[in-house]
Amino acid sequence: MSAQFPVARPRRLRRTPALRRMVAETRLNPAELVLPMFVKEGITEPQPVTSMPGVYQHTRDSLRKAAHEAAEAGVGGIILFGIPAVKDGHGSAADDPAGIVQLALRDLDSDLGDSTVIMTDLCLDEYTDHGHCGVLTAAGEIDNDATLERYASIAVAQAAAGSAVVGPSGMMDGQVGAIREALDGAGYQDIAIMAYSAKYSSAYYGPFREAAECAPRFGDRSTHQQDPANADEALREIFLDLDEGADMVMVKPAGPYLDIIRRTRDAVDVPVVAYQVSGEYAMIEAAAEKGWIDRERTIRESLLSISRAGADITLTYWATEVARRL
Ligand code: PBG
């Protein structure tokens, strides 16, 4: 009896780095990476975020510098989050033309020109004294429809200050439609909406709440953000947002929700965006700091996996670093 040798040998194409490079199915490109950035009013030095090593709450000046570096590295875009000096029940600073994000947008607009896309997160939680994503009723519950009016006004303020893409992240029903109508009514038909459509009520947002100083004072976000147990519901949210005029749809977080990214990619014909959130970042940084994993390889693998699952664009706090390496 002769020995049995395999005819099919997948290892042939894995033999050398050049072969592996040629047959790779997924490739990361700096243009698909978007850097989330925090800008804080009333500080004179950038403040490090303890739970996110390497991430800062920026001053207007340090934001300009970091945004310039990101653009130079070739990132596809940046997305701004603002932390106002004064918060109140309605989040008044969010749509104030002199609010921190609007000022930062004007700085960046003149600095960056068309080298990268300047986007804005659109929510109230960084701006309200109670830390919720909307305005509250007398009973202390989120008032969905009153919140839509606030979002509409914030969208117009951000567009007026130079945001090319607004990203509503509050998970209020009807938010995309309300924002689209407001933008169109104010002459901003060309400003795009990146809808945080399938945003889960996630423990992975922990470090962000330090970075953006937006932890809710009471309660949580589970009456508006999605239950991690659900997947079909994500598709329902995505189709509602597309009907209301979303130009791109987002799944968030990314790594723990690769199934949702894949189902979304298979179901829609607009760009699919994934947000690798603060907790995903913090876990890898913390394990790497302890020497338990190889930092660069893990970062690369995490982003490759998100892309392989079907994301066209990924928001990641490593955007500049990774773009430089590519
Ligand atoms: C809400 C918002 C959050 C994040 C982005 N936009 C926080 C939340 O919903 O509590 C989280 C991002 C991250 O964890 O990196 N404005």
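Trainee: How many bridges join strand 1 to strand 10?
Mentor: Keep in mind that this model is predicted. Strand 10 spans residues 313–315, and it runs parallel to strand 1. The bridges that join the pair number 2.

Trainee: Which residue of strand 10 is the bridge partner of L33?
Mentor: L33 is one of the residues of strand 1 that point one way, along with L35, M37 and V39. Across in strand 10, its bridge partner is T314.

Trainee: Strand 1 also pairs with strand 4. How many bridges join them?
Mentor: Strand 4 covers residues 77–83. The two strands run parallel. F38 stands opposite F81 there. The bridge count for strand 1 and strand 4 is 7.

Trainee: And in strand 3, which residue is the bridge partner of F38?
Mentor: Strand 3 takes in residues 56–58 and runs parallel to strand 1. There are 2 bridges between these strands. The partner of F38 in strand 3 is Q57.

Trainee: How many residues of strand 1 are buried?
Mentor: Strand 1 runs over residues 33–40 and is mostly covered. V34, P36, F38 and K40 point the other way from L33, L35, M37 and V39, and all are buried. In a regular strand, side chains alternate between the two faces of the sheet. The buried count for strand 1 is 8 of 8.

Trainee: Take L35. Is it buried or exposed?
Mentor: L35 sits in strand 1. Around it, 27 other C-beta atoms lie within 10 Å. The cut-off for burial is 20 or more. Therefore L35 is buried.

Trainee: How far apart in space are L35 and P84, C-alpha to C-alpha?
Mentor: In sequence, L35 and P84 are 49 residues apart. In space, their C-alpha separation is 20 Å.

Trainee: V135 is in a loop. Why does it count as buried?
Mentor: The loop lies between strand 5 (117–122) and helix 4 (144–161). Burial needs 20 or more other C-beta atoms within 10 Å. V135 is buried because its count of such atoms is 20.

Trainee: Which residue in strand 6 is the bridge partner of D121?
Mentor: Strand 5 and strand 6 run parallel, joined by 4 bridges. Within strand 6 (residues 165–168), V166 and P168 point one way and V165 and G167 the other, and all are buried. The partner of D121 is G167.

Trainee: How many charged residues does the shell around the ligand have?
Mentor: D121 also belongs to the ligand's surroundings, with C123, D125, S169, Y205, F208, R209, R221, V277 and S278. By class, the shell has 4 nonpolar and 2 polar residues. The charged residues number 4.

Trainee: What is the orientation of helix 4 and helix 5 to each other?
Mentor: Helix 5 covers residues 175–185, and its axis comes within 8 Å of that of helix 4. The axes cross at roughly 45 degrees. The crossing is right-handed. The two helices are therefore oblique.

Trainee: And what is the orientation of helix 9 to helix 10?
Mentor: Helix 9 (residues 278–289) and helix 10 (residues 295–309) pack with their axes 9 Å apart, at an angle of about 155 degrees. That makes the orientation of helix 9 to helix 10 roughly antiparallel.

Trainee: Is that crossing left-handed or right-handed?
Mentor: The axes of helix 9 and helix 10 make an angle of about 155 degrees. The crossing of these helices is right-handed.

Technical notes: Residues numbered from 1 in each chain as written. Predicted model: local features only at pLDDT ≥ 70, side-chain atom pairs only at ≥ 80, totals over all residues. Near = placed C-beta within 6 Å. Nonpolar A, V, L, I, M, F, W, Y, C, P; charged D, E, K, R; others polar. Buried ≥ 20, exposed ≤ 12 C-beta atoms within 10 Å, placed from the backbone. Pairing = 2+ DSSP bridges. Axes fitted to C-alpha atoms, helices over the stretch in contact; angles between N-to-C directions. Parallel < 35°, antiparallel > 145°, perpendicular 65-115°, else oblique. Left-handed = near helix turned anticlockwise from the far one by under 90°.
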